[in-house]
Amino acid sequence: MPILKAENVSFSYDKKTEVLKDVSLEVKRGEYIAIIGHNGSGKSTLARLFNALIVPDFGKVYIDGLDTSIKDNQFKIRENVGVVFQNPDNQLVASIVVDDVAFGPENLGLSREEIGNRIDFALKAVGMESFRKASPERLSGGQKQRIAIAGVLALKPQILVLDESTSMLDPEGRREVLNVVKKLNKENGVTVIAITHYMEEVVDADRVIVVNDGEVAMSGTPEEIFKQKQTLKSYGLELPLASYIAEKLREKGVDIPQTILTEKQLSEALCKLKQKS
Amino acid sequence: MREVSFGQYYPSHSFVHKMDARVKILAVIAYIVAVFLVKPFYFLGFSACLAFVIIATAVAKIPFLKVLKSMKAIIFFIVLSAVLQLFFNSQGTPLWENGFITDAGLYNAIFIVLRITLIVLGASLLTLTTSPVEIADGIESLLYPLKFIKFPVHEFALIMSIALRFIPTLLDETDRIIKAQKARGADFESGNIFKRAKALIPVLIPLLISSFRRADELADAMDARCYSGSKNRTKYKKMKFSYRDLIGVIFTAGLIVGVVMLNGVLGVVV
């Protein structure tokens with residue numbers, strides 16, 4: 001059974017213009033999915049649908065078999081689907097790190113001991129265990145966002161949804177957050193759905209879903225997606241920098257493979273070329 | 001901008017800092033009651049209160065200057081009340097012929113100054129030794145009995161702690177908006193008070209709008225973290241009543257008894 005399933009979902013905020021039109025998708029347990037699309041494509045609306053902050057007008061969203069439109073399921077669904085939003089400042093409720101991470105488990109009504117365990121687990125998972133007593137305002141953007149992730153992880157969700165969680169961070173902070181997320185996916189088996197418009201964040205995903213004008217336009221591995229440059233361009237999306245450079249080199253007649261996505265692959269390909277000549 | 005930030009907490013690991021916030025809040029209330037209990041012109045009672053503050057400050061290992069600094073904000077208020085008492089008191093006998101300053105006026109002025117000063121000193125000791133978060137938690141715990149008359153204690157406490165959490169964020173934001181408006185040619189420094197107040201409108205409106213946006217996003221984030229009000233909710237933090245608090249209670253009770261005794265038994269007008 002897929003851990004997340006959307007069936008013919010349509011949604012509109014004002015009941016006039018549909019933000020999502022007949023979207024269907026499935027996510028398998030443990031997958032790392034990237035959802036990309038230009039601004040206003042409806043990708044953030046997906047995140048809100050996934051944890052029952054909003055309910056589809058038509059169609060259904062199932063989380064681990066539970067229908068999000070049924071009110072009694074929503075608490076369980078939110079425990080299961082952790083969403084990290086864009087602005088770290090607007091997600092933290094307490095002025096001390098421990099208190100903030102405790103917020104979720106407190107809502108679940110867990111015992112003090114279990115809350116303590118979860119705080120330890122969550123802070124360790126994001127590498128912030130030495131900041132327990134710190135006040136978030138003194139932390140960097142990347143650190144704040146890691147605390148926000150810890151706050152969500154303390155609920156022990158099976159799915160982690162990142163709703164443009166790196167878009168307000170500097171490159172350093174973005175790297176910190178991505179490393180934490182990748183580690184959670186690999187080591188803890190957390191299913192990750194990363195909604196983003198940074199192409200660099202997409203290349204490590206197991207699968208990429210391209211959303212355009214409220215519809216799923218493309219779906220496939222990063223290699224498959226980034227091969228179709230023209231189609232991507234028509235959706236207002238760019239290639240990752242490494243692919244773009246490789247592409248330009250190929251146009252100049254350099255013999256370089258089409259599958260290059262990361263800087264590492266690019267530098268390896270270039271080194272190989274140099275050895276040959 | 002940062003300095004205006006709420007409650008000048010002075011971090012330390014002293015005896016007083018480690019006390020239970022609830023006990024400290026109650027002790028300050030008791031102390032303020034003690035200050036009011038001092039009958040007019042029984043100045044010995046005030047010395048007991050002053051001794052209480054000085055001992056507490058010493059035990060809290062807070063520099064006395066830091067405590068005195070908290071007076072700065074209300075010095076105008078103190079002077080004003082003293083002047084009012086001095087010049088507008090018609091009771092008592094004039095201190096010199098045809099003078100309008102009476103002995104009762106002078107006594108009253110001194111009395112009021114001492115009363116306000118002592119209250120502020122004691123209250124500032126609370127904010128110096130207790131972080132805003134601890135105070136909020138303490139108030140929540142103290143208000144707990146009100147739950148039985150349906151007062152939303154949990155919601156009240158949550159509002160308080162979120163407000164505290166957002167003070168620095170909004171101060172930063174205000175700073176940014178002021179800079180942005182200055183960059184667009186706004187003038188906040190010149191003109192009379194009305195002109196300057198008016199100049200703040202382009203700061204307050206963006207601030208208000210962004211606060212609403214923040215509130216909206218925070219609500220989503222709280223929902224996403226399973227927040228559903230106070231029912232079935234547990235608390236991680238637990239406040240403990242320790243031997244320190246017992247000593248604090250005894251000490252404060254001692255003050256009240258002392259003040260009452262100085263009022264009556266040893267009733268000497270100094």
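This briefing walks through a few helices, loops and backbone angles in chains A and B. The model is predicted, so please keep in mind that local features need pLDDT of at least 70 and side-chain atom pairs count only at pLDDT 80 or more, while totals for chains, interfaces and linings use all residues. Residues are numbered from 1 along each chain as its sequence is written, chains are lettered from A and ligands numbered from 1 in the order in which they are written, and side-chain values use heavy atoms, with hydrogens and water left out. Helices (H or I, at least four residues) and strands (E, at least two) are DSSP runs, numbered from the N terminus.

**A helix pair in chain B**

- Helix α1 (residues 21–37) of chain B packs against helix α2 (residues 43–59) of chain B at an angle of about 155°, and their axes are 9 Å apart. Axes here are lines fitted to C-alpha atoms, for helices over the stretch in contact, with angles from 0 to 180 degrees between N-to-C directions.
- That angle makes α1(B) roughly antiparallel to α2(B) (angles over 145 degrees count as roughly antiparallel, under 35 as roughly parallel, 65 to 115 as roughly perpendicular and the rest as oblique).
- On the α1(B) side, the contact (heavy atoms within 4.5 Å) is made by B:Y31, B:A34 and B:V35, and α2(B) contributes B:F46, B:C49, B:F52 and B:V53.
- These contact residues divide into seven nonpolar, no polar and no charged. Nonpolar covers Ala, Val, Leu, Ile, Met, Phe, Trp, Tyr, Cys and Pro; Asp, Glu, Lys and Arg are charged, and the others, Gly among them, are polar.

**Helices of chain A**

- Helix α1 (residues 43–50) of chain A is largely enclosed by the rest of the structure, because seven of its eight residues are buried (under 20% relative accessible area; exposed is over 50% and partly exposed in between, with a 1.4 Å probe and protein chains only).
- Those buried residues are A:K43, A:T45, A:L46, A:A47, A:R48, A:L49 and A:F50.
- The 14 residues of helix α4 (residues 112–125) of chain A should span 20 Å at 1.5 Å a residue, and the end C-alpha atoms agree, being 20 Å apart. The expected span is 1.5 Å times one less than the number of residues.
- Buried positions in α4(A) include A:I115, A:R118 and A:L123, and the buried residues of this helix pack against α3 (97–108), α5 (141–153) and α6 (171–187) of chain A.
- A:P105 is in helix α3 of chain A and counts as buried, at 0% relative accessibility.
- Not counting residues up to four places away in sequence, A:P105 touches A:L110, A:I115, A:R118, A:A154, A:L155 and, from chain B, B:T234.

**Positive phi angles**

- Most residues other than glycine have a negative phi.
- A:K156, not a glycine, has a positive phi of about 50°; it lies in the loop between α5 and β7 (159–163) of chain A and is partly exposed at 43% relative accessibility.
- B:N232, also not a glycine, has a positive phi of about 65°. The residue sits in the loop between α9 (201–224) and α10 (243–263) of chain B and is exposed at 64%.
- Just after α1(A), A:A52 takes a positive phi of about 65°, and just after α4(A), A:G127 takes one of about 70°.

**A buried loop residue in chain B**

- B:I101 is found in the loop between α4 (75–87) and α5 (103–129) of chain B, and is buried with a relative accessible area of 13%.
- Leaving aside neighbours within four places in sequence, B:I101 is in contact with B:L86, B:F87, B:P94, B:L95 and B:W96.
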